[in-house]
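Thanks, everyone, for making the time this morning.

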Amino acid sequence: MNTRVDYDLIVIGAGHAGIEAALAAARMGCSTLLITGNLDRIGALSCNPAIGGLGKGQLVKEIDALGGEMARAADECALQYRTLNLRKGPAVRATRVQVDRRRYQPAMKRRGESSDNLGVYQALVEEVVVSSGRAAGVRTAAGEEFSGGRVIIAPGTFLRGLIHVGRENFPGGRMGDPASSGLAESLGRLGFTRGRFKTGTCPRLDGRTIDFSRLEVQEGDRDPEPFSITSPPVELEQLPCHVTWTNPETHRIISRGLDRSPLFSGAIRGRGVRYCPSIEDKVVRFPDRDRHHIFLEPEGADTVEYYPNGISTSLPIDLQRELVRSICGLEEAQIVRPGYGIEHDYVDPTQLYPTLESKPVAGLYLAGQVNGTTGYEEAAAQGLMAGINAALSLRGEPPLVLSRDRAYIGVLIDDLVTKGTDEPYRIFTSRAEYRLLLREDNADLRLREVGCRLGLVPPDEAGRIERQRREISRTVRLLAERRVSPGEEVNRLLARLESAPIGKKTSLRDLLRRPGVGLDDLAGLDPELAALPPEVARQAEIEIKYEGFIQRQKTEAARLRSLEEIALPPDLDYASVPGLKAEVREKLSRLRPVDLAQASRIPGITPAAVSILMVWLKKLGK
């Protein structure tokens, strides 16, 4: 068979990266084909049934602001909303939504099937077709050929996927789905450097056999806000999650079975996730800890299955049963699906430009776990950006590259393409040096207009954002100008808030800067404040309370942008630049940074080397 069908863009893989990539490109007017090995698994949640979390919630808000689908789908299938780090500052607060696994996947499939310009097809892609150094299409295992001006690879854990349960292992990209070996070999032939990572999942439990009376209950937020800015208000009877812990007996069971664990027998050679390790890893790496946290998440409203987040394991099934039943509240628990580990290939992400286009093959983009990441949110963010940039490339327009001070998406992609990764990469708030500028609450202010410009967000949203921005500025000025005199009403309010009384006229801004004083507390002193929309009040309060810190980060970001404006020619001969050390020349020649800012972030590139490059570029008149 050698049927040829022409498309503008072909997306391989329909997980979180693939579906966002395909939807974005199709909505930007590209005829797009989404090819996956199983159409019934489009957008499937392969691991835990939750979207968001620390750092991840920020990504989801940014995806939503740009016109992506993850937040809307999470709202549609939500079981519980919870704001994490609520007692900490706004820079590190994040939303986590427990979702119904059985509803989320069909919701994403509907989006793909109902989109204009987007076709879906079930097949295993064996090869990327390349012509004159440029991606030109794909060839399937059945011999079919589909031509496309751009190709996006988003295969998740399927590249030479190998599933491990105890001493048994077998090929698979996910339990029940075949691995993709041909595509991995195709990438190797095209010159991509590949590595091997390991991830895993937990056994699922029958909720009817769990003694919830012995577990700590974790309820959702009392007044939850939807994840997406476009979703309706939340009207949901939220399901609780529960918390329990491992114990010394659990650890003895695991230690006794380490010789049967593929992690410690040498069967698994791929590097695992440092920040979400298997329970075997935790017991070995932290021998002094006598317990580890387990978070029991409901899989859905119409199923008895629970996901015991915290005991990801590839131990044999008999040991999985034994360790589960050693845990408080799980003494009678029945496993309905065993946990397993999975190894898969990934591509060294330093072989990508910041657009996620590959360096070895023009017109070929990579997104998701193939770039060495872990997590739904990281994959979706990359998929969205790959789809946007592939579409812009087809239209002959400049690419979209989000800087580190503009978005967590920018931090994620810059970390990958500049530094690479020797372990599965996960986003954290600590990775973002400008995290006070990149809050969840201002994602729409930062990126919504970009989504409008791309055609992924309705054009009237740009006007709404501009009106909101003006209203925030007006409120900040009002608070600075409006002054209150010492009096019984003001000082009684301050006493109630355990704040010192005032003895002279004081601006509302100065009162708001005090610890423990919020804008809602001051609303009774001025009718205009009481009438403010919640989103305006929140932004104005944050701007005033954190004014000094925000200004400092803006100044640092401006310094970074000055380096971003100095482009490095793609054909620059670093060997000819005098004064650079051999190690610096080798790294610059291999990684080919696009500007001085990216060069400065490459490990081992010193400020002195950046200065030398700057002088050399001036000498060349660039």
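Let me begin with Cys-328, which is partly exposed, with a relative accessible area of 28%; here buried means under 20% relative accessible area, exposed means over 50%, and partly exposed lies in between, using a 1.4 Å probe and protein chains only. Before I go further, please keep in mind that this is a predicted model, in which local features need pLDDT of at least 70 and side-chain atom pairs count only at pLDDT 80 or more, whereas totals for chains, interfaces and linings use all residues. Residues are numbered from 1 along each chain as its sequence is written, and side-chain values use heavy atoms, with hydrogens and water left out.

If we call a disulfide a pair of cysteine sulfur atoms within 2.5 Å, the count comes to zero disulfides. Cys-241 is likewise in no disulfide, since the nearest cysteine sulfur, in Cys-202, is 13 Å away, and Cys-241 counts as buried, at 0% relative accessibility.

Let me turn to the strands, which, like the helices, are DSSP runs numbered from the N terminus (helices are H or I with at least four residues, strands are E with at least two). Two strands pair if DSSP finds at least two bridges between them. Strand E15, residues 241–245, runs antiparallel to strand E16, residues 293–298, and four bridges join them, with Trp-245 standing opposite His-293 in E16.

Elsewhere, strand E5, residues 94–99, is mostly covered, with six of its six residues buried. Ala-94, Arg-96 and Gln-98 point one way from E5, while Thr-95, Val-97 and Val-99 point the other way. In a regular strand, side chains alternate between the two faces of the sheet. E5 pairs in the antiparallel sense with strand E3, residues 50–52, over three bridges, and also with strand E4, residues 78–84, over six bridges. Within these pairings, Gly-52 has Arg-96 as its bridge partner, and Tyr-81 has Val-97.

Finally, helix H1, residues 16–27, is mostly covered, with 11 of its 12 residues buried, among them His-16, Glu-20 and Leu-23. H1 is followed by Gly-29, whose phi is positive, near 95°.
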